[in-house]
Amino acid sequence: MLQIFCKNTRTTRNFPEGTSLLDALQEFDFEKPYPIVSAKVNNVSQGLKFRLYQNRDIEFLDVRESSGMRVYTRSLFFLLSKATADVLPSARLYMEHPVSGGYYCNLKKADGKEVTDEDVALIRSRMREIVAKDMIFHRFEVQTEEAIRIFKDRGYDDKVKLISTSGQVYVDYYTLGDTADYYYGRLVPSAAYLQVWEIRRYHGGILLQIPDHNKPDELAPFLDQPKTFSMFSENLKWNIIMGLSNVGDVNMAISKKGRASELIQIAEALQEKKIVQIAEEIERRYNAEVPVRVVLITGPSSSGKTTFCKRLSIQLKACGLRPISFSTDDYFVNRVETPLLPDGSYDFDNFETVDHNLLQQDVMKLLAGEEVEVPEYNFVTGMREYNGKKLKLRKGTVLLIEGIHALNTRLIPEVPAENQFKIFINTLTAASLDNHNTIPTSDNRLLRRIIRDYNAGSFTPLQTISQWPNVCAAEEKWILPYQEQADVMFNSAYLLEFAVLRNHAVPILSGIPKNCPEYSEAHRLLKFINYFVPVSDQEIPPTSMLREFVGGSSFKY
């Protein structure tokens, strides 16, 4: 017999060796408002078919927890790809990126024609049939060579490249009916678990809609995001031009072709080209009949806002303009006046953390031609200070305001919209591990933040990971709703950066103790980052966005 401690009930029970999590779940009585889809075993995510042979701590999860949502979403990917293969056997399905409350999937038909409503209806019907039959997801563990053979026989070159460069001895793969596929995490036990989903035709492909993580019995609200979709598409287009459709391509390019240096240079050049285009557009609008006077720059945590602002300033100067700037952070209220979260901690991401009335007054004075002394926030004392930083808008001068609330319509409502130019920065990795395994867009920023916080000595990796859910929740409330209002969107990500981040992230994440709840996320990130062949950061230029996080930037922060 073995002992299982259930964190949901805070109780311990005895079970025979080999008991599955699914069987153990039946013996623990706790409130289950939504179906349990996975569990954490000693702080590592596992599927419900996982069997127990030693004493363990277990926490059962539904899709409100990010780990549970990933298991559910992965399973939906397999359901969709299985149904597509059944009704359109000659077509290829590519899970590309999250957008509009779901995931965009590119469907390439053998005849080259666009996806029709009839295609979507056929796939939807087959998906529902598989769910109604409650088909089982079977997992197999085989030697890497055997997995390569299985997927090579099926023509899945993307999976062959990924698995062959992963450095693993054994590989897991799944089957659903007669369809085999590879997923880098666990799935639900069977198709009947997948009750909340929908598919629709979207931008020439298919949008797979998933549950709302706050209300899992409802679909996440659909919100058309044409600018975000366009940014993903632009990034994916350049990845394809460079021959980097997925991680296997990246690894092959690095390890077998020695192209790491070239790919870094191309990625940096593409970003610089985009910044030049943005600067030239600002110059054009500055010289228009109704001139742009204020440039607003925002983006979620670790998207590279600060470095972008500095690089944009350089290009604006090259256009003959004279940029001056400040951050909304400098207008933080004194710490004792900061709004609080329900647990009593400071809510630093709340819009009311910024003294927006004072900021609005100073901006209007600047636009009126007055000289203004702007504050600088002392993050050590938690006080706003005046240290002699004075700004004035002269001929040829544009004001850059950078910060997480810069695009909030309540920040400077008295400034006419035609005098504003809005920029939204995000870190959107369009490529995938393989055709059916997307890369979570927030993982890019989380890895950046963990490395930066650790190097700066501001937070331990454990603290950064524990804070991340609150950071993401604040972004959904205060930042992301404004991205589609931007005049231009800038993507600070490029696929090769994961190969660079690996050397920095692995030793940091490996130091997180296994008995901490944060170990679950560290374990997941380690597994993900280890799919990439490592690349030294020596060839990353000192002006790169990445230097803001790994160190060695020529900019002063």
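Figure 1. At 30% relative accessibility, Asp86 counts as partly exposed, a class lying between buried (under 20% relative accessible area) and exposed (over 50%), with a 1.4 Å probe and protein chains only. The model shown is predicted: local features need pLDDT of at least 70 and side-chain atom pairs count only at pLDDT 80 or more, whereas totals for chains, interfaces and linings use all residues. Residues are numbered from 1 along each chain as its sequence is written, and side-chain values use heavy atoms, with hydrogens and water left out. Asp86 forms a salt bridge with Lys82, the closest N and O atoms being 3.3 Å apart; a salt bridge is a side-chain nitrogen of Lys or Arg within 4 Å of a carboxyl oxygen of Asp or Glu. Lys82 is buried, at 3% relative accessibility. Because Lys82 and Asp86 lie 4 residues apart in helix 2 (residues 66–87), about one helical turn separates them. Helices (H or I, at least four residues) and strands (E, at least two) are DSSP runs, numbered from the N terminus.

**Figure 2. A salt bridge between Arg311 and Glu268.** The N to O distance of this pair is 3.9 Å. Arg311 is buried at 3% relative accessibility, and Glu268 is buried at 9%.

**Figure 3. A salt bridge between Arg285 and Asp487.** The side chains meet at 3.3 Å, N to O. Arg285 belongs to helix 8, while Asp487 lies 202 residues away in the loop between helix 12 (461–478) and strand 25 (488–491), so that distant parts of the chain are linked. Arg285 is buried, with a relative accessible area of 19%, whereas Asp487 is partly exposed at 40%.

Figure 4. A search of the whole structure finds 35 salt bridges. Side chains of opposite charge can pair when their charged atoms come close.

**Figure 5. Helix 9 and the residue that follows.** The 14 residues of helix 9 should span 20 Å at 1.5 Å a residue, which agrees with the 20 Å between its end C-alpha atoms; the expected span is 1.5 Å times one less than the number of residues. Buried residues of helix 9 include Lys305, Phe308, Cys309, Arg311 and Leu312. Gly320 follows helix 9 and has a positive phi, near 95 degrees.
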